[in-house]
Amino acid sequence: MTQPIEKTSIQRRDAAIEEIGRKLKVRAERGRRFAELTSLRVGGAIDWVISPETEGQAATVVAALDAVPIAWRALGSGSNVLADDGEHHYVVLSLKELKGDVKFDGVRVSVSAGYSLPRLCVDAARQGLSGIEGLGGIPGTVGGALWMNAGAYGHEIGTVTESVRVARDGLVAKIPGHSISWNYRRTSFKEGELLLGATLILQPDDPEKIRERMEEAKSKRLSTQPHGGRSAGCFFKNPPESAVGTGKLIDEMGMKGERRGTAIVSPVHANFIVTDGEDARASDALQLAEEIRERVKREHGIDLEYEVELWRANQPESETDHEDATTKEQ
Ligand SMILES: Cc1cc2nc3c(=O)[nH]c(=O)nc-3n(C[C@H](O)[C@H](O)[C@H](O)COP(=O)(O)OP(=O)(O)OC[C@H]3O[C@@H](n4cnc5c(N)ncnc54)[C@H](O)[C@@H]3O)c2cc1C
C-alpha cells in the first residue's frame, strides 16, 4: 500500500512549498501546464510553479527547497524544452520574473537571468556595444542562453561572459566565466545549479554598424526559419562527423512537411518541428523526432543528438526517494 504514504508525503511537500512561498514572499502557484510555459505549446500539468523576482530571493528559495528536499527544475522562456504530456510532479522555478534592471558600466553589462536575450541585444546595440548582435533573434532568457551556451551567426554567449552569478547555500555567488566550459549548446554548469545573472564584456563599436549587423542576422533568420510558429528552434544538433547540417540531411530525405498528428516537420527548415492546434501533443512531436532519428541512422549511420531538452513526466516521489531532488534530464 504505497499510495497512502505517497499522499502523506505529497501533502507534507505541498505544505512546505506553501510555507516557503509565504515566508519568502514569492509567488507559488498550482494548476499551470507546460503547454502555457513553452514555445512548442505542448506538455502536461506541473505540480507547482514558483516565480522569484530578485536574485537574492531566488537563491533563498532554492536553498529552502533543497533543505526539505523538494525536486525542482529551472525554466526560462521554455524555448528549448519539449515537456511530456503527462503530469510533472516537481517544482518549476520560473525565472521569467527575475528581470531586474540591466546595468551598463563602460564595456560591461550586468543582467539578471530572467531578462530577455533579444531585448538585451537591442539594449547593448543602443549603448554602442558589440559582441552579442548575432544572438538578437534567439528567443528566451539570459539564464537559458547561458545554460545552453546559445549561439548564432558566429556569436556565442559564453565567449563574452566575464562572470556568472549562481545560487549557493542561499546566497548569490559569483563564478568566473573562464572556469566554465562553453561548448556547442552545452556547458559545464552542474545539475541543480541555478543561474541568477551574469556580467558580459562587450566591445565598443558604432551603434549604426551594430544595428546593421543585427538586421542582417534577423533577415537571414526570417528567410531560413519558420517565424510566428510554435517551435523550439533546431530540434537536433549538427552532427560533428557530417559536413552536411542536420536540416539539410532531413530535407534530403524528403521529410519537410511530414506530419504526425499535431506535429509537423517545418516546410521552411527541416530541423524545426512545429506544433499545430489547441490540443497539440508532445507525444506527436516526439514520435516525429524519433522517426527522423531512425531514418538518419538507417540511411546515413549518424546518431542525431537532441538539441531540444526532453523533460519527462514523473511519478510523485515517495518519502524515501529524495536523492534525485534536482533532476535535469537531457
Ligand atoms: C524560433 C527559435 C529559434 C531558435 N534559434 C536558436 C539559435 O539560433 N541558437 C540557439 O542557441 N538556440 C536557439 N533556439 C533555442 C532557444 O531559444 C535557446 O536555447 C535559448 O537560449 C533558451 O532560453 P530559454 O530561456 O527559453 O531556456 P529554457 O528553454 O527555459 O531552458 C533551457 C535549459 O536551460 C535551463 N535554464 C534556463 N534558465 C536557467 C537558469 N536561470 N538557471 C539554470 N538553468 C536554467 C533549463 O533548465 C533548461 O535546461 C531557438 C528557439 C526558437 C523557438
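Is Cys 234 buried, exposed or partly exposed, and what is the relative accessible area of Cys 234? Cys 234 is partly exposed, with a relative accessible area of 23%, where buried stands for under 20% relative accessible area, exposed for over 50%, and partly exposed for what lies in between, as computed with a 1.4 Å probe on protein chains only. The model is a predicted one, in which local features need pLDDT of at least 70 and side-chain atom pairs count only at pLDDT 80 or more, whereas totals for chains, interfaces and linings use all residues. Residues are numbered from 1 along each chain as its sequence is written, and side-chain values use heavy atoms, with hydrogens and water left out.

The structure holds zero disulfides, a disulfide being a pair of cysteine sulfur atoms within 2.5 Å. The sulfur of Cys 234 has its closest cysteine sulfur in Cys 121, at 17 Å, which is too far for a bond. Cys 121, in turn, is buried, with a relative accessible area of 2%.

Cys 121 is also one of the residues through which helix α4 meets helix α6. Helices (H or I, at least four residues) and strands (E, at least two) are DSSP runs, numbered from the N terminus. Two packed helices are described by the angle between their axes and the distance between the axes. Helix α4 (residues 117-126) and helix α6 (residues 207-224) pack at an angle of about 150°, with 8 Å between their axes; axes are lines fitted to C-alpha atoms, for helices over the stretch in contact, and angles run from 0 to 180 degrees between N-to-C directions. The two helices α4 and α6 are therefore roughly antiparallel to each other, given that angles under 35 degrees count as roughly parallel, over 145 as roughly antiparallel, 65 to 115 as roughly perpendicular and the rest as oblique. On the α4 side, Cys 121, Val 122, Ala 125 and Arg 126 meet Pro 207, Ile 210, Arg 211 and Met 214 of α6, contact meaning heavy atoms within 4.5 Å. By class, this contact of α4 with α6 has six nonpolar, no polar and two charged residues; Ala, Val, Leu, Ile, Met, Phe, Trp, Tyr, Cys and Pro count as nonpolar, Asp, Glu, Lys and Arg as charged, and the others, Gly among them, as polar.

Strand β11 (residues 161-168) has six of its eight residues buried, so the strand is largely enclosed by the rest of the structure. Two strands are taken to pair if DSSP finds at least two bridges between them. β11 pairs with strand β15 (residues 195-201) in the antiparallel sense over five bridges, and Val 164 has Ala 198 in β15 as its bridge partner. Six bridges join β11 to strand β12 (residues 171-176), again in an antiparallel run, with Val 172 in β12 as the bridge partner of Ala 167. β11 and β12 form a hairpin with two residues between them, and Asp 169 in the turn has a positive phi of about 50°.

Leu 200 lies in strand β15 and is buried, with a relative accessible area of 0%. Residues up to four places away in sequence not counted, Leu 200 touches Val 107, Arg 108, Val 109, Leu 120, Ile 132, Ile 157, Val 160, Thr 161 and Glu 162.

A further sheet is open and holds four strands in the order β1-β2-β5-β3, with mixed pairing. β1 (27-29) and β3 (72-75) stand at its edges with a single partner strand each, so one side of each is left without a neighbour in the sheet. Neighbouring strands of this sheet are turned by 25° against each other on average, direction ignored. β3 and strand β5 (residues 88-94) run parallel and are joined by four bridges, the bridge partner of Leu 75 in β5 being Ser 94. Helix α3 (residues 55-67) lies across β2 (46-51), β3 and β5, and runs at about 160° to β5. In the loop between α3 and β3 is Pro 69, and the peptide bond from Val 68 to Pro 69 is cis, with omega near 0°.

Positive phi values were also computed for two loop residues. Asn 149, although not a glycine, has a positive phi of about 50°; Asn 149 is placed in the loop between α5 (142-148) and β9 (151-152) and is buried, with a relative accessible area of 0%. Tyr 153 has a positive phi near 50° and belongs to the loop between β9 and β10 (155-156), where Tyr 153 is partly exposed, with a relative accessible area of 33%.
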